[in-house]
Amino acid sequence: MLKKFKSFLGNLKTKFTVPEEEETIQRQARPLGFERELEELRKKLSDFLLTSKVNSGIVVERNGYKLLKNGPNLYKLEGKEKEGRAFSIAISTGSFLNVGEEKVTGILQVEEAELNRAIQTDHSQLISFLGKFKTLELNDRALEGLTGIRNRYHWKEILLWERFWKEQVVIRLSPNCLALLLVIHDDSFKKFFLEVASRKTKKIVYDELFYLNQGVNSEESNPNTKNYDLPSFERAKLDLRRVIEQVRKKRDQ
């Protein structure tokens, strides 16, 4: 009877004991603290964005293909498939204009219907033609070169706002979005966040930094999540711009 009881206890212990390898993983997957999590995420994003490290020329060359950068937002993919078929493809990651005194060059991504709407009438100025593209987003330098007017938007304008309006910006952004903004912006955004956010919000955002580092929001780990993963930082930028414009309107009233 005693042997059977000891055997039962041994089986019970085995059943509820975490395997050593799994236990090691669990120990490793613990928050490293705000600064360490942020530092690691910034390094991961920097390592991921290979295209930002090259102004022009070869971005990467691998077996079967190479990617070349011809200019801002403009790339060329060249290579050959295993069966021998070659390919040479232009790739655009967004609209860009280079505005010079004598000539304007660039590449635009627009909707087919908007392009057809634009060519229904004559235009004596390029800005008039571009004004027909409601979904077009141009870099600030291009807009200033075409219109002579500096773009009013820059996220750092909120640093000069009264505390109440700063708080409104933080409240309207999701913790997931705030975490990404901490990663992609310089330390002035970190200082802004630490000064304005409540203790509860900080705790939630710290957890979000940890989740980002663990890849919890990646498409592979969680394909149905509405939260952004690390490579989706551009969406967080758009959210920040949308919120700032909303709050600015209320502040100006």
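Predicted model: local features only at pLDDT ≥ 70, side-chain atom pairs only at ≥ 80, totals over all residues.
**Exercise 1. In what order do the strands of the open sheet lie, and which strands stand at its edges?**

Step 1. The open sheet has 4 strands in the order 1-2-3-4, with antiparallel pairing.

Step 2. Strand 1 (57–62) and strand 4 each have a single partner strand, so one side of each is left without a neighbour in the sheet. These two strands are therefore the edges.

Step 3. From one strand to the next, the twist averages 15°.

**Exercise 2. How many bridges join strand 3 to strand 2, and how many join strand 3 to strand 4?**

Step 1. Strand 2 (residues 65–71) and strand 3 (residues 74–80) run antiparallel and are joined by 6 bridges. One of the residues involved is K66, whose bridge partner in strand 3 is E78.

Step 2. Strand 3 also runs antiparallel to strand 4 (residues 86–92), and 7 bridges join these two. Here K80 has A86 of strand 4 as its bridge partner, and Y75 stands opposite I91 in strand 4.

**Exercise 3. Which residue takes a positive phi in each of the two hairpins?**

Step 1. The hairpin of strand 2 and strand 3 has 2 residues between the strands, and N73 takes a positive phi near 70° there.

Step 2. In the hairpin of strand 3 and strand 4, 5 residues lie between the strands. The positive phi belongs to G84 and is near 110°.

**Exercise 4. How do helix 8 and helix 11 pack, and which residues make the contact?**

Step 1. The two helices pack at an angle of about 105°, and their axes are 9 Å apart.

Step 2. Angles of 65 to 115 degrees count as roughly perpendicular, so helix 8 is roughly perpendicular to helix 11.

Step 3. Helix 8 contributes C177, L180, L181 and I184 to the contact, while helix 11 contributes F233, A236, K237, D239 and L240.

Step 4. Sorted by class, the contact of helix 8 with helix 11 has 7 nonpolar, no polar and 2 charged residues.

**Exercise 5. Is F192 buried or exposed, and what does F192 touch?**

Step 1. F192 lies in helix 9.

Step 2. The relative accessible area of F192 is 4%. Buried means under 20%, so F192 is buried.

Step 3. Not counting residues up to four places away in sequence, F192 touches I158, L159, K166 and V170.

Step 4. K166 is 26 residues from F192 along the chain, and their C-alpha atoms are separated by 8.4 Å.

Key: Residues numbered from 1 in each chain as written. Heavy atoms only, no water. Pairing = 2+ DSSP bridges. Axes fitted to C-alpha atoms, helices over the stretch in contact; angles between N-to-C directions. Parallel < 35°, antiparallel > 145°, perpendicular 65-115°, else oblique. Contact = heavy atoms within 4.5 Å. Nonpolar A, V, L, I, M, F, W, Y, C, P; charged D, E, K, R; others polar. Buried < 20%, exposed > 50% of the residue type's maximum accessible area, 1.4 Å probe, protein only.
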